[in-house]
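Please keep the sequence and the structure in view while reading.

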Amino acid sequence: MSSSVIQLECQCNNYPWGKKGSSSLAAKYAAATPGGHFKLDESKEYAEQWMGTYPTTPSLVLATGEDLQKHINSNEEKLIGKAILDKFGANLPYLPKILSIAKALPLQIHPDKGLAAKLHKKDPEKFGDANHKPEIAIQQLFTAIPILKSRFTKSSETHFNGETLKEVVGKILSASDEEIVELYESLKKTEVKDFGKHTYIPELLPRLAEQYDKSDPGNLVALLTMNYLVLQKGDAIYVPADGIHAYLSGDIVECMARSDNVLNTGFCPRADRDSIELFTAALTFSPKDADEALLKPKKSDKGLKGHTQVLAPPLSEFDMLITKLKGEETETIKALQGPAILIVTGGKGKMRAEGKEHEVKEGYVFFIGYNTEIELAAESGLEAHIAFAEA
């Protein structure tokens, strides 16, 4: 009979926005897997480490090298549970990742379920599934600088709602390279005081232009129509389907509904940009302010000793537990009624389940099957993120 606790080997991809070599947390976690095949190359960018069963970058059972999805398929009810099988099928309904970001990701939205189904039917090679992709891991504000207001809005307009902002984004994305450069240079010449409280705009403008080019419309869309957030360790945000976003730098734990669909229109070469009409038609400016985007953790009754919080985004595919232990503390995570992926994000210690003991260290990743209680015991502190689904 298959064990319900399975250590995984998880793979990295090499998008050019990733951090290089051992400066990438994604690469360090991949390299931490004992006996794994990943070889860290200091000359390569490592952007994302994926955990789960999405077919483009699937996790493997560390002990055997078997594809995790294939292993689950042969033990569906034991590992997934009947309720999740009935609701989502045998595929894990979520996709956790570690992202290591050296420069801005493409300006993007993830299509909602209705649009994703249409895009998948029309172009299944580019849009590999029919699912939406809300995620946890920012969005929206317009600065009334004279040249921008005169170029992109009506002179009588004083209030900028979601529809106004969609029009502004469409006009910026449709502008020629020469127009974007002209606006960029005008912004560079604008005095800092004219930006009011948004002094990050003149600070970030040259940095983003250096990463891509001053003719990239993503510079203007990101800085002039979106909220700017600096997240501290432990902060979380929720990005709904169709919500415009672009991560600029840092290392994050991310989890999303099972999908890899994305529409890009900035911070990437013109040849890689999707249709402006499609992007703006799908685009929403929700949430409307920075505080609304933040996802607050709450104490979870899944942790029986009080060391566990939960991030619960407004969707059915997953929640995320965060367990933090000091010194030699212990925590018992009660049996979840669905499958889980556990990522050790700090410290080391032991995990006990099904009468067996497993070593856990930062970077280790485990699949935890349906209805399996686990105990975590820290040696000198331990932190774990656990993505899970329950029906």
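## Packing of α8 against α9

For packed helices, the axes are lines fitted to C-alpha atoms over the stretch in contact, and the angle between N-to-C directions runs from 0 to 180 degrees. The structure discussed here is a predicted model. In this model, helix α8 (residues 177-189) packs with α9 at an angle of about 145°, and their axes are 9 Å apart. The contact is made by Tyr-184, Leu-187 and Lys-188 on the α8 side and by Leu-205, Pro-206 and Ala-209 on the α9 side. The crossing of α8 and α9 is left-handed.

## Packing of α9 against α10

Two packed helices are described by the angle between their axes and by the distance between those axes. For helix α9 (residues 200-211) and helix α10 (residues 218-225), the angle is about 160° and the axes lie 10 Å apart. Angles over 145 degrees count as roughly antiparallel, and α9 and α10 are therefore roughly antiparallel to each other. Their crossing is right-handed.

On the α9 side, Tyr-200, Ile-201, Leu-204, Leu-205, Leu-208 and Ala-209 take part in the contact; they meet Asn-219, Leu-223 and Leu-224 of α10. Eight of the eight residues of α10 are buried, so this helix is largely enclosed by the rest of the structure. The buried residues are Gly-218, Asn-219, Leu-220, Val-221, Ala-222, Leu-223, Leu-224 and Thr-225.

## The surroundings of Leu-208

Leu-208 belongs to helix α9 and has a relative accessibility of 1%, so this residue counts as buried. Which residues does Leu-208 touch, not counting those up to four places away in sequence? The contacts are with Ala-104, Asp-213, Asn-219, Leu-223, Leu-248 and Phe-267.

## Residues with positive phi

Most residues other than glycine have a negative phi. Phe-267, which touches Leu-208, has a positive phi of about 55° although it is not a glycine. Phe-267 is found in the loop between β12 (263-266) and α11 (276-282). Its relative accessibility is 1%, and Phe-267 therefore counts as buried.

Asn-371 also has a positive phi, near 60°. Asn-371 is placed in the loop between β19 (365-368) and β20 (374-388). Is Asn-371 buried or partly exposed? With a relative accessibility of 43%, Asn-371 counts as partly exposed, whereas Phe-267 counts as buried.

## Aromatic rings

A search of the whole structure finds five aromatic pairs. One of them is formed by Tyr-15 and Trp-17, with 5.9 Å from centre to centre and 35° between the planes, and this pair is tilted. Tyr-15 counts as partly exposed, at 35% relative accessibility. Trp-17, by contrast, is buried and has a relative accessible area of 7%.

An aromatic ring also takes part in an arrangement with a charged side chain. The charged end of Lys-103 sits over the ring of Tyr-212, 4.8 Å from the centre of that ring.

Notes: Residues numbered from 1 in each chain as written. Predicted model: local features only at pLDDT ≥ 70, side-chain atom pairs only at ≥ 80, totals over all residues. Heavy atoms only, no water. Phe/Tyr/Trp six-rings, centres within 6.5 Å; stacked < 30°, edge-to-face > 60°. Buried < 20%, exposed > 50% of the residue type's maximum accessible area, 1.4 Å probe, protein only. Lys NZ or Arg CZ within 6 Å of the ring centre and 35° of its normal. Helix = DSSP H or I, 4+ residues; strand = E, 2+ residues; numbered from the N terminus. Parallel < 35°, antiparallel > 145°, perpendicular 65-115°, else oblique. Left-handed = near helix turned anticlockwise from the far one by under 90°. Contact = heavy atoms within 4.5 Å.
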